[in-house]
Amino acid sequence: MYMSDVASQLSAGLGRLRSYVRRRMRDPDSMEDVVQETLVRVIEQERRQVIEQPLAYAFRVADSVIMAGARKSLREAGLDDLDFACELPLADEVLDYRQRLARFEAALERLTPQRRAVFRLRHIDGKSRQEIAAELDLSLEAVKKHLVRAMADLTLSLGGDWASDWKQGATGATGHG
């Protein structure tokens with residue numbers, strides 16, 4: 001049976017991961033559940049992108065799983081409004097966001113300079129198509145063409161999964177003409 005490099009690295013470090021989780025858990029009986037959830041998340045993430053240090057990433061994911069479980073326990077106990085519950089995103093969420101942002105920025109840099117400028121002015125600066133046309137001395141149709149082609153180029157470059165995330169983040173900036 002074929003085992004991926006990530007799976008073999010995780011398998012080799014499984015004892016260390018279990019030990020790490022055991023030291024951080026109040027309930028040693030749920031340690032194995034946390035380890036299993038961690039492995040599943042790491043393997044799922046590895047299917048989407050290359051993970052340079054799978055075991056190190058697994059330790060961070062384990063911390064996130066432990067914290068998510070603690071938050072859930074607090075909610076169930078009605079204690080989630082207390083000040084000691086951290087509102088910051090979990091480590092694996094931050095890493096995933098940073099990696100997706102880096103891929104997006106790289107794809108954006110591959111656009112032609114004018115297409116990139118039109119895209120940034122519209123979706124990042126929130127300017128209308130008319131404002132962009134006036135600022136860049138382009139026709140309204142040229143601005144529309146650049147926007148459509150930029151979206152097509154980015155979709156090809158990044159795949160379809162980024163588009164819904166981008167629309168959610170950018171809807172506030174694109175609400176006008």
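Mentor: Buried means under 20% relative accessible area, and exposed means over 50%. The model discussed here is predicted.

Trainee: Is phenylalanine 119 buried or exposed, and at what relative accessible area?

Mentor: The cut-off for buried is under 20% relative accessible area. Phenylalanine 119 falls under that cut-off and is buried, its relative accessible area being 0%.

Trainee: What share of the residues in the protein chain is buried?

Mentor: The protein chain has 177 residues. Of these, the buried residues make up 34%.

Trainee: How many helices and how many strands does the protein chain have?

Mentor: Read along the sequence, the pattern is α-α-α-α-α-α-α-α-α. The count is therefore zero strands and nine helices.

Trainee: What share of the contacts with a separation of 6 or more comes from residues 24 or more positions apart?

Mentor: The count takes contacts in the protein chain with a separation of 6 or more. Among these, residues 24 or more positions apart account for 58%.

Trainee: The structure holds two aromatic pairs. What is the geometry of the pair formed by tyrosine 20 and phenylalanine 59?

Mentor: The ring centres of tyrosine 20 and phenylalanine 59 are 4.6 Å apart, with 65° between the planes. Planes over 60 degrees apart count as edge-to-face. The pair of tyrosine 20 and phenylalanine 59 is therefore edge-to-face.

Trainee: Which helices does that pair tie together, and how many residues apart in sequence are the parts?

Mentor: Both tyrosine 20 and phenylalanine 59 are buried. Tyrosine 20 lies in helix 2 (residues 14-24) and phenylalanine 59 in helix 4 (residues 54-77). The pair therefore ties together helix 2 and helix 4, in parts that are 39 residues apart in sequence.

Trainee: Which residue lies over the face of tyrosine 20?

Mentor: The distance to the ring centre of tyrosine 20 is 3.5 Å. The residue over the face is arginine 24.

Trainee: How is the pair of phenylalanine 104 and phenylalanine 119 classed?

Mentor: Phenylalanine 104 is in helix 5 (residues 91-109) and phenylalanine 119 in helix 6 (residues 113-124), 15 residues apart. Phenylalanine 104 counts as buried at 10% relative accessibility. The two rings are 6.2 Å apart centre to centre, with 50° between the planes. Stacked needs planes under 30 degrees apart and edge-to-face over 60, so the class is tilted.

Trainee: How do helix 5 and helix 6 lie to each other?

Mentor: Their axes come within 10 Å and cross at roughly 135°. Phe104, Leu108 and Glu109 in helix 5 meet Arg116, Phe119, Arg120 and Ile124 in helix 6. Angles over 145 degrees count as roughly antiparallel and 65 to 115 as roughly perpendicular. Helix 5 and helix 6 are therefore oblique.

Trainee: What is the handedness of the crossing of helix 6 and helix 7?

Mentor: Helix 6 and helix 7 (residues 129-136) pack with axes 10 Å apart, at an angle of about 140°. That angle makes helix 6 oblique to helix 7. The contact is made by Ala117, Val118, Leu121 and Arg122 of helix 6 with Arg129, Ile132, Glu135 and Leu136 of helix 7. The crossing is right-handed.

Trainee: Where does aspartate 137 lie, and is aspartate 137 buried or exposed?

Mentor: Aspartate 137 lies in the loop between helix 7 and helix 8 (140-158). Its phi is near 55°, a positive value in a residue other than glycine. With a relative accessibility of 69%, aspartate 137 counts as exposed.

Trainee: What is the C-alpha to C-alpha distance between glutamate 141 and arginine 129?

Mentor: Glutamate 141 lies in helix 8 and counts as exposed at 54% relative accessibility. Glutamate 141 and arginine 129 are twelve residues apart in sequence. Their C-alpha to C-alpha distance is 9.2 Å.

Trainee: Leaving aside neighbours within four places in sequence, which residues is proline 54 in contact with?

Mentor: Proline 54 is found in helix 4 and counts as buried at 0% relative accessibility. The C-alpha atoms of proline 54 and valine 6 are separated by 6.0 Å, although the two are 48 residues apart along the chain. The residues in contact are Val6, Gln9, Leu10 and Val42.

Key. Residues are numbered from 1 along each chain as its sequence is written. This is a predicted model: local features need pLDDT of at least 70, side-chain atom pairs count only at pLDDT 80 or more; totals for chains, interfaces and linings use all residues. Side-chain values use heavy atoms; hydrogens and water are left out. Rings of Phe, Tyr and Trp (its six-membered ring) pair if their centres lie within 6.5 Å; planes under 30 degrees apart count as stacked, over 60 as edge-to-face and the rest as tilted. Helices (H or I, at least four residues) and strands (E, at least two) are DSSP runs, numbered from the N terminus. Buried means under 20% relative accessible area, exposed over 50%, partly exposed in between (1.4 Å probe, protein chains only). A charge sits over a ring if NZ of Lys or CZ of Arg is within 6 Å of the ring centre and within 35 degrees of the ring normal. Axes are lines fitted to C-alpha atoms, for helices over the stretch in contact, and angles run from 0 to 180 degrees between N-to-C directions. Angles under 35 degrees count as roughly parallel, over 145 as roughly antiparallel, 65 to 115 as roughly perpendicular and the rest as oblique. A crossing is left-handed if the near helix is turned anticlockwise from the far one by less than a right angle, and right-handed if clockwise. Contact means heavy atoms within 4.5 Å.
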